[in-house]
Amino acid sequence: MATSLTVLVITFWLRCTIVYGYEFISQYPIHHNETFKFYHLVVDKISGQVYVGSVNWLHQLSPDLKPIHVIRTGPKLDNPMCHASGCPSSDIQTTWIDNVNKILVIDQESRIVIACGSVSQGSCLKYKLGDISAEPEFVPVSVAANDAEASTYAFIGPERYNSWDRSNVLYVAGNEELGYVSRLARTCVNDDNYNSYTEVTLECHVKELTINDKIEIVNYNLVQDAKIANAGVKLANQLGIETGDPILVATFSPSKGISNEPVNKSAICVFSLQEIEVKFNENVHMCFNGSTKARNMGYISGMISDGKLSQCRLHRTLPELPFGAKYKCVFGNAPPIDAAVTSNGLACPTPDIKHRPKIAQGQDHVYVPLSVHSSETNKDFVSRNFAFYDCGQHLTCHTCIMSEWACNWCIYDNKCTHDASVCQRTIISGENNPTKLLNHGIGHCPRIRQYKKPILLPNNVPKELELEVENLPHLQPGHTGFQCSVSIEVANMILPARVESNHFIVCDKTTYSYEEDVGEYNVSVKVVWNHNHYIDTINITLYKCEILGSHRDHADCSLCITRNSIYQCTWCGNSCSYSESCLENPVTECPKPRIDMIKPLSGPIEGGTIVTIEGSNLGLRVEEVTGKVRIGDVLCDIVDFEVSVSITCRTGPSNGSVVAPVIVQNDAGYTESSVLFSYKNIKLQGIYPGLGPMSGGTQLAIGGQHLNIGSAVSAFLDELPCAVNKTQTSNSRLICVTPKANTPRVIHTLTVVIDNANRTLYGDLFNYTADPTIMEIKPLKSFVSGGRMITVHGTNLHTIQKPLMKLYYGNEISPINFTACVVLNSNQMECPSPAVNKKYDEILLATKFDKQALHR
C-alpha cells in the first residue's frame, strides 16, 4: 500500500460540466492555496459521504466533495520512546511531530470512523460516523506503525469465520507498542499455500548487574545471527539431549527502547531443535484450543468447526501416520472413536446417546472436552470444547429461534427441534441455523406488537382488551381457539379471545381490579391458542383514579383534573373517578384551597425564611397562585410549586414582631390557615466557654432569644465559620463547633445569620489557645480490671472539654475501652485506668495455642 503519495487536488469524474475534454464534477480542496498530503479515502455506503485522512488533518466531505468537517489531528508533541498512553518519564524530550494518517476505516455496524496516525505509537481515535466534529473516543493502544514511512494495512472483518459468531473486529498488520521481537517460522516444503505456516518467539534473557548492585533480567530481543550445529557431550548433558543432536546457536542484542536498533552488546543463547519442535507443537495445540495466551503464534490456516451437530470436522494439515496407526476422537469421558481422514482434515462421529453427558435442568447445552490423538503416541493432538445441545429445552418460539444452536420452531406442534422433518406444516428456522428455511428468523414468530406507550385499563371497570399481533397461526380442525391468561396479584383469569382482521386479539370484556393501595399496578397478559400453544406475553397497567387524584389520602380536585388525559380521570362529586363511571356532571373548576401543614411557623422580622405549605387545591398552575400567598399583609414569593399539593415561598420583611395567618388564594377563593406564623426579633447575649484549642472542635453555646426560628442558620467567629448543630438548638441557645485556627488568637466578633437577619456581638469573645500537650503519664502499670488513678501532666489541659483515656491494642483501629478524665488545672488531670479483662483473656488464650503449636 502506498504511504507517501502527494496529491494536491482530489478529482472525481462523474457527470456535468465539460472541462478540458473531461466531464468534471467537483474538486477538493477548492482553493488553490490549500494543500494536503492525502493517504487514505473511505466512503460511507449509506450516506455517500467521503472521509479522507491526510497529514495532520481528517476530512469529512459530502458526496459532491463539499467540506462538512475538517478536523486537525497534528502535529503533536511526541517521542518514539513514549507509549501510546503518554510518556512514562518527564526526562524524555518531546518535539512537534507530524501525524501521518496510517489507518482510516468505517465500521458500518457500529457507525464509527476509526482513524490511526503515526504519533502516540500508532494509537487510534473512534469518531462518530456522520459527524467527526463530535468528541472522539481515544484508544490508548498501539495499533498502526509509528513510522511515517512504514506501511500499515487494516480492515474490518468478523472476529471468527463461522456462522455462530457475528461480531466484527479490526484486523491490522503493524508493529507492537512493546517493541520488536524475533520469531522463528516453520512451514512444510511442499505447502504452496502456506497452510502449515507457524511461528514461535525466540527470547534470550541475560542476568545483568545494575548500578545499585542488584541483579536484573534483561531481554536481548534482537537476533543478530544464527546457525544450526550439533551438540557436544557437555552441551548435550546441559540441554538434556543426546550427543550430536541438532541445536540452534544464535547471537542476540537488546534494542534501544522500542526501536529495532541494537545496543552495542551481545549474548549467545542455545536452543535444542527438539525443544523448538515441542514449542511449535505446543503453540499449535494452544491455537486450536482458542487460547488467548498463544501470542507467539503467527498464523494457522483453516478453522475448527464448533461441532454442534452429529459430526465434528477438524481442519488442518495432518502428518501421515505409520501403517496401522489411526487418529481417534475422545468426547469427554466417552470411549475413543476412530476418526476418518478427509481431504480437509478429520471427521469425528459423535458417541451414541448412552455415552453423552446429561444437560443440566434449565440449560440447553453442555460442553465436553473433545480431544484428538493418534494411536501411535496416544497423546492429545488437538483439544477444544464441544457442545451437545437440546433444542427441546426451549418452550417458546422466541427462545427457540434466538438460541445459539441450529434449532427450528414447529408452529403447529408447539415445539423446538433440530430436526425440521418431524414438524407439521409451518416451520421457522432459528437465527443461528445455517439452514435457512423460507420462514427464517425471529421476525416470523407469532407475537404481540410492542407498544411505545403503556396499555392502560381503569380499575374495576368492565373493558375489552385489544392487542395488535403478528404472524398468527391459522386454526386447523380440532384446534381450540385463542385465550388470554391475566395474572393480577395472586389471582389468574382465563378469558376467551377472538381474532379480528387477523391482526388483533381481543380478550373478552371483564372487570380488572387489584387490591394494592397504589395509583398504578402492572399485570401480565399471556396469549395462547389450542390450550397451551404459546403466542406471547405483554404487561398492561391498571390504575385507580381515586388514588391518582389524591394526596395523603385526601381527594384532590386539582390533582385529579390535571392528570394526563390518557387516564380519563374527572372530579365527580367529592372524589376523583374514571370519567365513564361518573354519574354526575364532571367538574371543571375546583374549590378554594385547603391548608394542612406549614413549616416552619416562625422566622426573623427581616424575612428570607423558606416556608413550605402543604394541602390540597393549592392551584392548577403556578401562575394561578403567584402573588396570592401572604403572611398577614406580607407577600411570600413563590420559589417552588407542586400542582395542588405544595407551595414553597420566601417570606418578605415585617415592620415588627407580629403573629399572622398564612393566606393562600386560587381562582375559587382564598383560605386562611388555622395556625399562625410568627415574626420574631433575634437577640444575642454571649458565648461559653471563652477558650479552646486552636485545632478546633470546641462546642460553643451561644446564648440569646429566638435562636431556633427560620429555615437557615450560620455562625462565624470573625471570618471563621462555626458549624451549627441544629438538632441541639433551642429558643435561648445555639450550639456550634469551632473550626481550626492557624495560630493562637482572640476572636473579637460573633456573627449569627438566620435567613435575612444578621446579628453581631463584639468584644474579646473567645480565645484560641495553643493545643494541649501531654508530657508525662504515671503510673505506667494498672490492674487488668482497671480503676487505678492515672495522673497526666501537660500544658493547656483545661482547654479540653471532654478528655477521655482510650486504650488500643497493637494496630487495631477501635479502642479496647475508655474512661472519662477529670481536669484539675491547666497542667494536670486524672484518669481512672480502663478495664481490659476480655482482651486480656483473648491474648492469653492466643499465646497458649501458639506455644502448643510450637511444641508440636
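Cys-821 and Cys-831 are both buried, a term denoting under 20% relative accessible area, with exposed set at over 50% and partly exposed in between (1.4 Å probe, protein chains only). The model is predicted, so local features need pLDDT of at least 70 and side-chain atom pairs count only at pLDDT 80 or more, whereas totals for chains, interfaces and linings use all residues. Residues are numbered from 1 along each chain as its sequence is written, and side-chain values use heavy atoms, leaving out hydrogens and water.

Cys-821 and Cys-831 form a disulfide, defined as a pair of cysteine sulfur atoms within 2.5 Å. The pair links distant parts of the chain, 10 residues apart: Cys-821 lies in the loop between strand 65 (817-820) and strand 66 (822-825), and Cys-831 in strand 67 (residues 828-832). Strands (E, at least two residues) and helices (H or I, at least four) are DSSP runs numbered from the N terminus.

A search of the whole structure finds 16 disulfides, including the following.

| Disulfide | S to S distance |
|---|---|
| Cys-204 to Cys-269 | 1.9 Å |
| Cys-572 to Cys-582 | 2.1 Å |
| Cys-821 to Cys-831 | 2.1 Å |

The torsion about the S-S bond of Cys-821 and Cys-831 is about 110°, so this disulfide is right-handed. For Cys-572 and Cys-582 the torsion is about 90°, and that disulfide is therefore right-handed. Cys-572 is buried, with a relative accessible area of 12%, and Cys-582 counts as buried at 13% relative accessibility.

The link of Cys-204 and Cys-269 is right-handed, with 75° about the S-S bond. It joins distant parts of the chain, with Cys-204 in strand 19 (residues 204-209) and Cys-269 in strand 23 (residues 267-272), 65 residues apart. Both Cys-204 and Cys-269 are buried.
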